[in-house]
Amino acid sequence: MAESPTILVIGPRWVGDMVMAQCLFAALKEKHPNAAIDVLAPAWAAPLVKRMPEIRCQIDFPLMPGALEFRSRGRFGRLLRGRYDMAYVLPGSWKSALIPFFARIPHRVGNLREMRYGLLTDIVPLPDAVRRRTARAYFGLARGGTFRAPKLTVDTANQADLLARFGLEAKRFVALMPGAEFGPAKRWPSDHYAELVREMMDKGLGVALLGSKNDAEVTGEIARLAPGAIDLAGRTKLEDAIDLIAAAKLAVSNDSGLMHVAAAVGTPIVAVYGSTSPENTPPLTDRSELIWLHLSCSPCHKKVCPLGHLNCLKTLDVARVAAAADRLLKVPAAA
């Protein structure tokens, strides 16, 4: 293996998974300090990947999510021939391993998942115990190194501009992330969030509601129920969300990508779980409170409650989340 290998990582397509992938990137840099690591990922990931010092550059993934497009993958892979010594394939699908195969990258690493014999040259076993523990599964592909929690850099100049633009004061507001791209079975109800907003404002804290334009309906409902909350869903870019969350005194979130962002910028986080489990995808930080009811039907890992009642979230009362928030608010910030 070259002393300064060039490495291509086929990245995941979710924000949270991309944050957790930094556990692998850090391990690879530890093993190969002079390596150049590039990430093939959707265009939306570029602002996030730029906040990871281990990565040289992000290459836009040219295809739509879920599409096979065998010939297009072949053409794209051939364009990459001769550029990389190693490839790490993070998604578990068969088609995700095609581009490194067509690129003739000599060392191609990944878990077996969808019977990828031949496409991968190094199949890393995936024990059942870590199958859903995404950060640990990604880290395991490195076959060594130190497991480190993700740590994203913050653009302080952009942060200052954002705070001034939206009338927020650093460490004097709470960031709430009430959306979840995965589906409604991950979303704590809007009226619960609104009650929490009112409690936070009664403590003299501002509240910012963050999310993508897909979350605007949810954040809009919360803002109507709790006047005074600043609704920023769809008004900020991903890099802006990173910097705003880093400026918050506290974050409260569903199990979502922005939950992992909060952990990676060092903001204390209250994480609310419903259809998923904090044992699998916790925010990788010591400054967190994980709220989960441990119902017999949970975790089901479904996008929509298969029983139709969503009790794992509807019966999770505001007092429990507010108490967790209070505990974190009273803990002095890390030096």
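Residues are classed here as buried under 20% relative accessible area, exposed over 50%, and partly exposed in between (1.4 Å probe, protein chains only). The model is predicted, so local features were taken only at pLDDT of at least 70 and side-chain atom pairs only at pLDDT 80 or more, while totals for chains, interfaces and linings use all residues. Residue numbers start from 1 along each chain as its sequence is written, and side-chain values rest on heavy atoms, with hydrogens and water left out.

Helices (H or I, at least four residues) and strands (E, at least two) are DSSP runs numbered from the N terminus, and two strands are taken as paired if DSSP finds at least two bridges between them. Strands of a sheet pair through backbone hydrogen bonds, either parallel or antiparallel. At one end of the order, β2 (residues 36-41) and β3 run parallel and are joined by 4 bridges; Val 39 stands opposite Gln 58 of β3. Elsewhere in the sheet, β4 is joined to the parallel strand β5 (residues 107-110) by 4 bridges, and Ala 87 has Arg 108 of β5 as its bridge partner. Strand β5 is in turn joined to β6 (residues 122-123) by 2 bridges, again in parallel, with Gly 110 partnered by Ile 123 of β6.

A further open sheet of 6 strands, also with parallel pairing, has the order β9-β8-β7-β10-β11-β12. Strands β8 (residues 206-209) and β9 run parallel and share 2 bridges, and the partner of Ala 208 in β9 is Ile 230. Val 174 belongs to strand β7 (residues 173-177) and counts as buried because its relative accessibility is 0%. The C-alpha atoms of Val 174 and Ala 229 are separated by 9.8 Å, although the two residues are 55 apart along the chain.

Side chains of opposite charge can pair when their charged atoms come close. The structure holds 9 salt bridges, each defined as a side-chain nitrogen of Lys or Arg within 4 Å of a carboxyl oxygen of Asp or Glu. In one of them, Asp 38 meets Arg 56 at an N to O distance of 2.7 Å. This pair links distant parts of the chain, 18 residues apart, with Asp 38 in strand β2 and Arg 56 in the loop between α3 (46-49) and β3. Asp 38 is buried, because its relative accessibility is 1%. In another, Asp 326 and Lys 203 have their closest N and O atoms 3.1 Å apart. This pair also links distant parts of the chain, 123 residues apart: Asp 326 lies in helix α13 (residues 318-329) and Lys 203 in the loop between α8 (190-202) and β8. Asp 326 is partly exposed at 22%, as is Lys 203 at 42%. Asp 128 and Arg 131 form a salt bridge with their closest N and O atoms 3.5 Å apart; Asp 128 is exposed at 66%, whereas Arg 131 is partly exposed at 39%.

Surface patches were built from residues with over 30% relative accessible area and no salt bridge, joining like charges within 9 Å and nonpolar side chains (Val, Leu, Ile, Met, Phe, Trp, Tyr) within 5 Å. Arg 71, Arg 75, Arg 78, Arg 81 and Arg 104 gather in a patch of positive charge. Arg 81 sits in the loop between α4 (70-79) and β4 (86-89) and is partly exposed, with a relative accessible area of 33%. A nonpolar patch consists of Leu 68, Phe 70 and Trp 94, which together have about 280 Å² of accessible area. Leu 68 is in the loop between β3 and α4 and is partly exposed at 43%.

Most residues other than glycine have a negative phi, and most peptide bonds are trans. Arg 143, in the loop between α6 (134-140) and α7 (156-166), has a positive phi near 50°. His 301 has a positive phi of about 60° and lies in the loop between β12 and α12. Pro 299 is found in the loop between β12 (288-291) and α12 (311-314), and a cis peptide bond with omega of about 5° joins Ser 298 to Pro 299.

Technical notes:
Accessible areas come from the Shrake-Rupley method with a 1.4 Å probe; for residues, only the protein chains shown count as cover. Lys and Arg count as positive and Asp and Glu as negative; His and the chain ends are not counted. The place of a charge is taken as NZ of Lys, CZ of Arg, CG of Asp or CD of Glu.
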